[in-house]
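Please look over the following structure with an eye to its sheet, its surface and a few backbone details, which the paragraphs below take up in turn.

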Amino acid sequence: MDANKDASIGGYFELELQPGRSFHQEAIALNSGRNALKHILQEHSPRQLVLPKYLCAAVMQPILELKIPYAFYAINEQLEPVGLDEFDADITVLYINYFGLKDSVVQALANNTKNVIIDNTQAFFSSAISNVPTFYSARKFFGVPDGAYVSGCSSPTEDMEIDQSYERCTHLLKRIDLGAEDGFSDYQLNEAVIASLPLRRMSHVTSNILSSIDYSLVSEIRRRNYGALHARLGPYNRATFADMDEECVPMAYPFLCNSFSQVREALLRNKVYCPQLWPSVLEELSDQPSSIEYQMAANIIPLPMDQRYEEQQMHDVASIILGVLSHG
């Protein structure tokens, strides 16, 4: 019998999900993106890790925990690394596949850099490159309580504990029954819990949910919705990296504009919820407000365009933004 299945027969029904396969079949399934990076760092033990200044604070957690020496590099307006040649040849470069749009940069780094770690937490559908340590997060793309994948590493020992996620599903269920607002506090609590999870294998709950997803349909809808937003907002978008190539499946549509506050307020009034990526950058670079990284963190609005939405809803979101810009 499948190890992910309850061995008992009969009795009450569990949450019924369509059986299938996970997207990253050959990858190691772990419980969080932070722990996926931790597993990579434990295995590869980089002498010095070089990170982009534009990054999520969560990335730093395993680096600080493992006391790995680190430094930062800058990015340009295309979200590409600059100045890497200023570091020693034996550094390990961590690069983020921003918004799932930078596969070409990932490939170039893999071809031209000796030691690379790829953060694909914003690029779930991007393929890992052979022998390049790569990690993914499921929560940014799907309704799961946790979950991550690692490629380019050996598997953890078989006796590693399997996580349990059933107590971290309340925000997912509340959103269905009560709406996004009522489940938000539970979502915040779940995010706090994930930050402190020990390294474990992916839970059966998360694994089963991820195995029930129609990934081909998800990628098709995401690309369609991204295209719908870009068709209307592209002429007003200062994010020059926002063009989508033929392969990528984006996490969100990055809209960069001068009317950031007004646009965010209008979206919020219309119950269009967009996170800010990443407020910690604003604190770290408070003395460099003109830097590209600061401007990206301060002014990019990641617009939702995922598999939950029809194309008409993308036009509605675009109309809200264009209404603000036309009066600005």
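In which strand does Tyr 70 lie? In this predicted model, Tyr 70 lies in strand S3, and strand S3, residues 70-75, pairs in the parallel sense over 4 bridges with strand S2, residues 49-52. Within this part of the structure, Val 50 stands opposite Ala 71 in S3.

Both strands belong to an open sheet of 8 strands with mixed pairing, whose order is S1-S8-S7-S6-S5-S2-S3-S4. Strand S1 (28-30) and strand S4 (81-82) stand at the edges, and because each has a single partner strand, one side of each is left without a neighbour in the sheet.

Returning to Tyr 70, its relative accessibility is 36%, so this residue counts as partly exposed, the cut-offs being under 20% for buried and over 50% for exposed. Together with Leu 64 and Phe 72, Tyr 70 forms a nonpolar patch on the surface, with about 280 Å² of accessible area for the three together.

The backbone holds some further details, against the background that most residues other than glycine have a negative phi, and most peptide bonds are trans. Lys 67, in the loop between helix H2 (60-65) and S3, has a positive phi near 55 degrees, and Phe 99, in the loop between strand S5 (92-96) and helix H3 (103-112), has a positive phi near 60 degrees. Lys 67 counts as exposed at 74% relative accessibility, whereas Phe 99 is buried, with a relative accessible area of 1%. Finally, a cis peptide bond with omega of about -15 degrees joins Leu 277 and Trp 278, and Trp 278 lies in the loop between helix H8 (260-269) and helix H9 (279-284).

How values were computed:
Residues numbered from 1 in each chain as written. Predicted model: local features only at pLDDT ≥ 70, side-chain atom pairs only at ≥ 80, totals over all residues. Heavy atoms only, no water. Pairing = 2+ DSSP bridges. Helix = DSSP H or I, 4+ residues; strand = E, 2+ residues; numbered from the N terminus. Patch = residues over 30% accessible without salt bridge, like charges linked within 9 Å, V, L, I, M, F, W, Y side chains within 5 Å. Areas by Shrake-Rupley, 256 points an atom, 1.4 Å probe, with all protein chains shown as cover. Salt bridge = Lys/Arg side-chain N within 4 Å of Asp/Glu carboxyl O. Buried < 20%, exposed > 50% of the residue type's maximum accessible area, 1.4 Å probe, protein only.
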